[in-house]
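Here is a short report on one protein model. Keep the sequence and the 3D view at hand while reading.

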Amino acid sequence: MQPVPKKQNAARGRGVQSENSTKQTTGVSVAELSETIKARLLSGESVCLIQFCESQRAAAMGAIALLRDELPIRCQWVTIRESHLSETRLRARRYAIPGEHLHGQVAP
């Protein structure tokens with residue numbers, strides 16, 4: 001039995017990802033997410049990235065980064081889930097506008 005060359009192993013999917021698997025299409029643009037997140041923040045809600053589906057999280061993070069330039073968005077860590085048995089915590093960043101800044105903001 002002859003050993004298979006490394007190039008053929010890579011072609012079979014061992015060690016090299018195809019271009020299609022690395023490109024993710026979210027179907028929602030950063031501008032659309034930005035408007036949605038801005039409306040939620042201005043209404044007094046908080047936003048966590050874990051609330052978005054996995055394929056939209058990168059675009060949502062980009063939208064939040066853009067919004068942080070124009071709005072007084074604060075970031076805070078919150079514990080989503082905690083297990084005392086295994087001593088683990090699932091934490092996420094929560095983005096919100098403090099109440100004292102909401103009175104001067106106008107929702108679009």
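## Contacts along the chain

Take the contacts in the protein between residues at least 6 apart in sequence: 54% of them join residues at least 24 apart. Contact here means heavy atoms within 4.5 Å.

The model is predicted; local features need pLDDT of at least 70, side-chain atom pairs count only at pLDDT 80 or more, and totals for chains, interfaces and linings use all residues. Residues are numbered from 1 along each chain as its sequence is written, and side-chain values use heavy atoms, with hydrogens and water left out.

## Elements and surface

The protein has 5 helices and 3 strands. Read from the N terminus, the order is α-α-α-β-α-β-β-α. Helices (H or I, at least four residues) and strands (E, at least two) are DSSP runs, numbered from the N terminus.

Of the 108 residues, 20% count as buried. Buried means under 20% relative accessible area, exposed means over 50%, and partly exposed lies in between (1.4 Å probe, protein chains only). The protein exposes about 8200 Å². Carbon and sulfur atoms supply 50% of that area. Accessible areas come from the Shrake-Rupley method with a 1.4 Å probe; for residues, only the protein chains shown count as cover.

## The sheet

In what order do the 3 strands of the open sheet lie? The order is β1-β3-β2, and the pairing is antiparallel. β1 (47-48) and β2 (74-83) stand at the edges with a single partner strand each, so one side of each has no neighbour in the sheet. Strands of a sheet pair through backbone hydrogen bonds, either parallel or antiparallel. For two strands to count as paired, DSSP must find at least two bridges between them.

β2 pairs with β3 (residues 88-96) over 9 bridges. Within β3, alanine 92 stands opposite valine 78, and arginine 91 is the bridge partner of threonine 79. The hairpin of β2 and β3 has 4 residues between the strands. Glutamate 87 in this hairpin takes a positive phi near 55°. On the other pairing, 2 bridges join β1 to β3. Cysteine 48 has arginine 94 in β3 as its bridge partner.

## The nonpolar core

The largest nonpolar core has 15 residues. Such a core is a set of buried Ala, Val, Leu, Ile, Met, Phe, Trp, Tyr and Cys residues joined through side-chain atoms within 4.5 Å. Ile37 and Ile73 have the most contacts inside the core. α3 (30-42) and α4 (57-70) each supply at least two of its residues. The largest share, 5 residues, comes from α4.

What does isoleucine 37 touch, leaving aside its neighbours within four places in sequence? Its contacts are Val47, Phe52, Ala60, Ala63, Ile64 and Leu67.

## Salt bridges

How many salt bridges does the structure hold? There are 3. A salt bridge is a side-chain nitrogen of Lys or Arg within 4 Å of a carboxyl oxygen of Asp or Glu.

One joins the side chains of glutamate 70 and lysine 38, at 2.9 Å from N to O. This pair links distant parts of the chain: glutamate 70 is in helix α4, lysine 38 is in helix α3, and they are 32 residues apart. Lysine 38 counts as buried because its relative accessibility is 19%. Not counting residues up to four places away in sequence, lysine 38 touches Leu67, Glu70 and Leu71.

Another salt bridge pairs arginine 40 with glutamate 45, with the closest N and O atoms 3.6 Å apart. Arginine 40, at 22% relative accessibility, counts as partly exposed. Glutamate 45, at 40%, also counts as partly exposed. Arginine 89 forms a salt bridge with glutamate 82, and here the closest N and O atoms are 3.0 Å apart. Arginine 89 counts as exposed at 57% relative accessibility, while glutamate 82 counts as partly exposed at 39%.

## A nonpolar surface patch

Ile50, Ile80 and Leu90 form a nonpolar patch on the surface. Together they have about 220 Å² of accessible area. Patches are made of residues with over 30% relative accessible area and no salt bridge: like charges are joined within 9 Å, nonpolar side chains (Val, Leu, Ile, Met, Phe, Trp, Tyr) within 5 Å.

Isoleucine 50 is found in the loop between β1 and α4. At 39% relative accessibility, this residue counts as partly exposed.
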